[in-house]
Amino acid sequence: MTSKTPLVEMRDMCLSFGGVRAVDHVTVDLHPGEVVGLLGHNGAGKSTLIKMLSGAYRADSGEIFINGDKVTIENPRDARAHNIETIYQTLALADNLDAASNLFLGRELVTATGMVDDDAMEAETRKIMHRLNPNFQKFSAPVSALSGGQRQSVAIARAVYFNAKILIMDEPTAALGPHETQMVSDLIQQLKSEGLGIFLIDHDVHQVMNLCDRASVMKNGKLVGTVDVDKVTDDDLLGMIILGKHPHTGEVMAG
């Protein structure tokens, strides 16, 4: 670990929808320069848990700490104020606009006369893309013409440019081929080296084993456990997901 104080700590988080406890007393944390995978079946609660961090949902109870300080996150604006950015599977890109226009969408740079400064935005986009993905060249093309990995690059660049320190990624390699998946993997390694912390929501045990330092597995709204990926096997993780069985203790989660 690069720091003893977690970048994020979510303690004893609970959220119910009607009579269903979607997240039931879950505690997870994330350190700088670390990727923590969140695994579980559909309905396990992993996306609901992380939406309390992104501000999409308000927790019924529990506490969130950023760099050791207790914070209140009630909406996405609060999350951004704490340098938390979310990259959803849909990427939320405007297909008809180029990379620079997407990077600054809603936060355009303007000239002294109040006009949108396309040149400055492209220059800034070239700078950050050179840092994150030096092979990216299609600056004038609409993002609809880009590959899946290139589109991920644009979405990640947008988050990082606006000073994200905590990144939430929702199945970033879903529907990507091997080359594109490697591109995203390289991006994640670059972000780790810069000290960002990443929560990675995924269904794919193999991707979590490849990309993550630790994995937190949820089942039926509860945390089965958090493990170091280099100390478990794919089958261990599958046992946690399917059976709720912790690989180190052998305990099977009740309920």
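First, the ground rules. The model is predicted, so to speak of local features we need pLDDT of at least 70, side-chain atom pairs count only at pLDDT 80 or more, and totals for chains, interfaces and linings use all residues. Residues are numbered from 1 along each chain as its sequence is written, and side-chain values use heavy atoms, with hydrogens and water left out.

Now the sheet. Helices (H or I, at least four residues) and strands (E, at least two) are DSSP runs, numbered from the N terminus, and two strands pair if DSSP finds at least two bridges between them. Here 6 strands make an open, mixed sheet, ordered β6-β7-β8-β3-β9-β10. Its edge strands, pairing on one side only, are β6 (84-87) and β10 (222-228). Within the sheet, β3 (residues 35-39) and β9 (residues 214-219) run parallel, joined by 4 bridges. Leucine 38 stands opposite serine 216 in β9.

Next, helix α6, residues 178-193. Its 16 residues should span 22 Å at 1.5 Å a residue, and the end C-alpha atoms are 23 Å apart, which agrees; the expected span is 1.5 Å times one less than the number of residues. Buried means under 20% relative accessible area, exposed over 50%, partly exposed in between, with a 1.4 Å probe and protein chains only. Among the buried residues of α6 are Met183, Leu187 and Leu191. What do the buried residues of α6 pack against? The partners are β3, α4 (118-132), α5, β7, β8 and α7 (205-211), with contact meaning heavy atoms within 4.5 Å. After α6 comes glycine 195, with a positive phi near 90°.
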